[in-house]
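Work through the two exercises below with the sequence and the 3D view at hand. Each task is followed by a solution that goes step by step.

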Amino acid sequence: MKKRILISDIAKALGISVTTVSFILNDKAKEKRISEALTKRVLDYVKKVGYKPNELAKSLRTGKTKILGLIIEDISNPFFGNVARLIESKVYEQGYRIIYCSTNNDVAKAKELIQMFYDRQVDGFIITPSDGLEDTVKQLQQNNIPVVLFDRYFPSLETDYVGADNFQGAFDASNHLCQQGYKRIGFVSLYSDQTQMKERSEGYLKAMDNNKQQSFIQKVQMDASDEEAMESLRDFICENRLDAVLFSTNYLAISGLKASKSYGFAMPAMIAFDDHTVFKLLEPSITVVSQPIKEIAENLINILLLRLQGKIKATRKMVLPCELKIRESTKPKLTA
């Protein structure tokens, strides 16, 4: 590891004062009437030796660390992982660094992580909030820490938010199954008060109502084991003789596929909310409701940076359309 170059080293090498170097590096050359020639000489030398400012000292001086905190549900989930990757790339381009981690919907863990990031004086947060995190987010706002929520929000809390149109996405998926001739269409969700789950459920129910079809809903515990989830889904699909199922998350859809293989029953027509790499590789390939990952990441960063720069005052709420990607798992139902 190379020895850190200090401002005093630059001053000594160029035969000028530390104060003069400091003024130039902090864009105060004109204000302090330092000549363009000397300014260029210092900047050329800084570039040549690869000088990097002491970020800790800079943060103490400006009150800004240029670090953002990203707290998501599960980094191993392709949806969250891809959003995190795009966010990291975009904030890097803007001169920021990001620290991110998963909560696995554990509210105690989420609170602990937020406190840790707060203690490290991150400039702002992007959070996928767990149930029970409302007061913690409110406290960040009261401490003037910018927060943008995504994927879900708290109806009673005024916050910046970016997410997909979950209602319309679930409605379009359910309506598609009806149009393909399926009559016993189930919906698999979680025991959760999270807004995205409620909206997806409402979209499914609206489509069933519009098509005058019976609804079948199964909820799975968030902390259910693989075995518990698979057994629950087997009973739900087989006992209700379902001919199609909409899964509210990609991992619930995978649990359904595992149940089909483990217990030896034929998986009916199916749609998953959120894509997954394996869905295109399976036979039949799986129809999905795809969230606009790139647009979500871009809006999250844009809103947070504008908030950090003090360029917006009013709350921003972005609801972006989903895309129904039709594949082989929802072919028209064959009638006898």
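Two strands pair if DSSP finds at least two bridges between them, where strands (E, at least two residues) and helices (H or I, at least four) are DSSP runs numbered from the N terminus. This is a predicted model, in which local features need pLDDT of at least 70, side-chain atom pairs count only at pLDDT 80 or more, and totals for chains, interfaces and linings use all residues. Residues are numbered from 1 along each chain as its sequence is written, and side-chain values use heavy atoms, with hydrogens and water left out.

**Exercise 1.** Describe the surroundings of strand β10 (residues 287-290).

Solution. Begin with strand β9 (residues 269-273), which pairs with β10 in the parallel sense over three bridges; here Ile271 stands opposite Thr287 of β10. Next, turn to strand β12 (residues 323-325), which runs antiparallel to β10 and is joined to β10 by three bridges, with Lys325 of β12 as the bridge partner of Val288. Finally, consider the two faces of β10: Thr287 and Val289 on one side, and Val288 and Ser290 on the other, are all buried (under 20% relative accessible area, with a 1.4 Å probe and protein chains only).

**Exercise 2.** Is the chain more spread out or less spread out than a compact globule?

Solution. Count the elements, which are 13 helices and twelve strands. The radius of gyration, taken over C-alpha atoms, is compared with the globule rule of 2.2 Å times the number of residues to the power 0.38. The chain has a radius of 26 Å, well over the 20 Å that the rule gives for 336 residues, so the chain is more spread out than a compact globule.

Methods:
Buried means under 20% relative accessible area, exposed over 50%, partly exposed in between (1.4 Å probe, protein chains only).
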